[in-house]
Amino acid sequence: MSTKYKRGSFQLMKSMNRSTILNMIREEGPISRADIAKKTKLTPPTVSNIVKELISTQFVIETTQGMSKGGRKPTLLEINADQFYTIGVDVGTTQMKFVITNLFGKLKSHTTLTIPPFPSHEDILSIMKKGIRELMDGADLNKFLGIGVGMHGIVDPEEGRSLFAPAFQLHDIPIRDVLENEFNMIVKVENDARAMTLGEYWFGNGNDADNMLGVNVGNGIGAGLMVKGRLFHGEHNLAGEIGHITIDLSGPKCNCGNYGCLQTLAAGPAIAERAKKELKAGRPSLIHELVDGDYDKVDGQKVYEAATQQDPFSIELLHQTGRYLGIGLTNLIHTINPKRMIIGGGVSGAGEFLMRGIEETIQSRGLTDKAKETSIVLSKLGEHASAIGACVLVLEEFFIRQE
Ligand SMILES: [Zn+2]
């Protein structure tokens, strides 16, 4: 019965009034039927009928908690948060992260699997299936609404395919078709930075900003553009590939073939490369000790570690990285004019050291006072941001009416 039931309720949620009411209960609950009617301008009988259906699908429950305005306590409605779960997958360059969250994006369990070097299509898909099976093991399968996948590189969300994953040099992986076939539930696929942005918008630091950017700084750099509360993809799903905007015409060569792309200056491997070059040239730094003279061990994490121990070289290196990021972000401010930019991904772990460079650069380069005041914050969802955002891809199907 599980599949039929899920597909049925999925169709049910496509009605605009139902998803409007469900979303209102999510955002404002506990809330009374009367207040829903007032705020949505739907008639009380319409609200009452739809709420009845939402209760029968178990998305919504009645509660008497909440403020009583004198007299008897009103019956309020709230989301039945733990009645349904979603699965989120974040496909990075070396690791795949898996999470289960409830209807409020709360982490219920998680696991991480390693991606071998030079994986094949089959490797990627079988690691995906393995991780999902591992998390679902022993759970009541009727609880799962669907699977969301955030994948680095160029993704076609309409077709649920990875068009190009640069770290694997793989083209055209039919993620949705394979996972739908395997698990028989809704599967949504999106670029990882967009998934992160969506996660922050729903459950993190972006919830009051309909125009905002999420910037994922890890082994590469990508951004999710949120315009009027919806992700922006551009004409060919290329929007947000900010790792390849040119920052320095005579900068290092990028894996895309161009020179001086933002990610050749500010992504994790770029930080490590710059550190290695200076260390080999004899620059004094705590990193020499941390890696015991073995420069192959130098990575972004080591630089961060040294910075936390007040190593001047590492602090300056991260400050410089912040300035490069700041130039990239200033370009974005002038292109998109967002209310907020949220920095996530592995490198954002060093956020405290990057932030000064980012802010200084935006201060000196922003066109107007308003541009200079653009809010820049670190991700709230941290290392699981893209995976939790991938869960939201599924939640959107139920809570937001799809055009
Ligand atoms: Zn590039």
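What is the mean pLDDT of the protein chain, and what share of its residues reach 70 or more? The mean is 91, and 94% of the residues reach 70 or more; pLDDT is the predictor's confidence in each residue, from 0 to 100.

Before you start clicking: this is a predicted model, where local features need pLDDT of at least 70, side-chain atom pairs count only at pLDDT 80 or more, and totals for chains, interfaces and linings use all residues. Residues are numbered from 1 along each chain as its sequence is written, and side-chain values use heavy atoms, with hydrogens and water left out.

**Stop 1: the start of the chain.** Colour by pLDDT and select residues 1–10, where the value stays under 50. The model has 15 contacts (heavy atoms within 4.5 Å) for this stretch beyond four places in sequence.

**Stop 2: the sheet.** Now show the strands (DSSP E runs of at least two residues, numbered from the N terminus). Three of them form an open antiparallel sheet in the order β1-β3-β2. Its edge strands, β1 (31–32) and β2 (60–63), each pair on one side only; pairing takes at least two DSSP bridges between two strands. Four bridges join β2 to β3 (residues 76–79). Pick E62 and you will find L77 of β3 opposite.

**Stop 3: the zinc ion.** Select the zinc ion with H244 (ND1), C254 (SG), C256 (SG) and C261 (SG), its protein donors at 2.0 to 2.3 Å. Donors here are N, O and S atoms within 2.8 Å of the metal (3.2 Å for Na, K and Ca); water is not among the atoms, so sites may look incomplete. The arrangement is tetrahedral because the four donor atoms subtend angles of 105 to 122°, and the cut-off asks for all angles between 85 and 135 degrees. Along the chain, the spacing reads H-x9-C-x1-C-x4-C.

Buried means under 20% relative accessible area, exposed over 50%, and partly exposed in between (1.4 Å probe, protein chains only).

**Stop 4: helix α9.** Move on to residues 268–280; helices are DSSP H or I runs of at least four residues. Just after α9, G282 takes a positive phi of about 95°.

**Stop 5: S386.** Finish in helix α15 (residues 385–399), where S386 is found. S386 counts as buried, at 5% relative accessibility. Leaving aside neighbours within four places in sequence, S386 is in contact with D90, D192, A195, M196 and N216.

Notes: Four donors count as tetrahedral if all angles lie between 85 and 135 degrees; four count as square planar and six as octahedral if opposite donors are over 155 degrees apart and all others between 65 and 115; anything else is irregular.
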